[in-house]
Amino acid sequence: RPSRYYFVSLHTKDIWWKKFLTLAQLTQFLCMNAQAIYMLVTGCSEAPPRVTLMYFAYIVSLFGLFLQFYIGSYTKNKPKRA
């Protein structure tokens, strides 16, 4: 649950699994985009294509934001303390 993460972050300076949570969310967004692409390609009759396209655009934007956060937080070289 997200509320547990926020509770723990209030009481702890470093959460060792934060990077892995972000990776899991990125994976989730990739799966959701794959679902939207599949629905568009196969012509799914359960959802209108316009709704699926809006869903796809929304999830792509979330993926981009989370990827930007991941790169900024976990891949750049941080200065080492002496």
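1. Helices here are DSSP runs of H or I with at least four residues, numbered from the N terminus. Keep that in mind for the helix names below.

2. A quick word on the source: this is a predicted model, where local features need pLDDT of at least 70, side-chain atom pairs count only at pLDDT 80 or more, and totals for chains, interfaces and linings use all residues. Residues are numbered from 1 along each chain as its sequence is written, and side-chain values use heavy atoms, with hydrogens and water left out.

3. On to the rings. Rings of Phe, Tyr and Trp (its six-membered ring) pair if their centres lie within 6.5 Å; planes under 30 degrees apart are stacked, over 60 edge-to-face, and the rest tilted. That rule gives 3 aromatic pairs. One of them is F29 with F66, edge-to-face at 5.1 Å centre to centre and 70° between the planes. This pair links distant parts of the chain, 37 residues apart: F29 sits in helix α2 (residues 18-42), F66 in helix α3 (residues 49-75).

4. How accessible are these two? Buried means under 20% relative accessible area, exposed over 50%, and partly exposed in between (1.4 Å probe, protein chains only). F29 is buried because its relative accessibility is 8%, while F66, at 25%, counts as partly exposed.

5. Then look at Y70 and Y74, a tilted pair with 5.2 Å centre to centre and 55° between the planes. They are about one helical turn apart, because 4 residues separate them in helix α3. Y70 is buried at 12% relative accessible area; Y74 is partly exposed at 24%.

Terms used:
Helix = DSSP H or I, 4+ residues; strand = E, 2+ residues; numbered from the N terminus.
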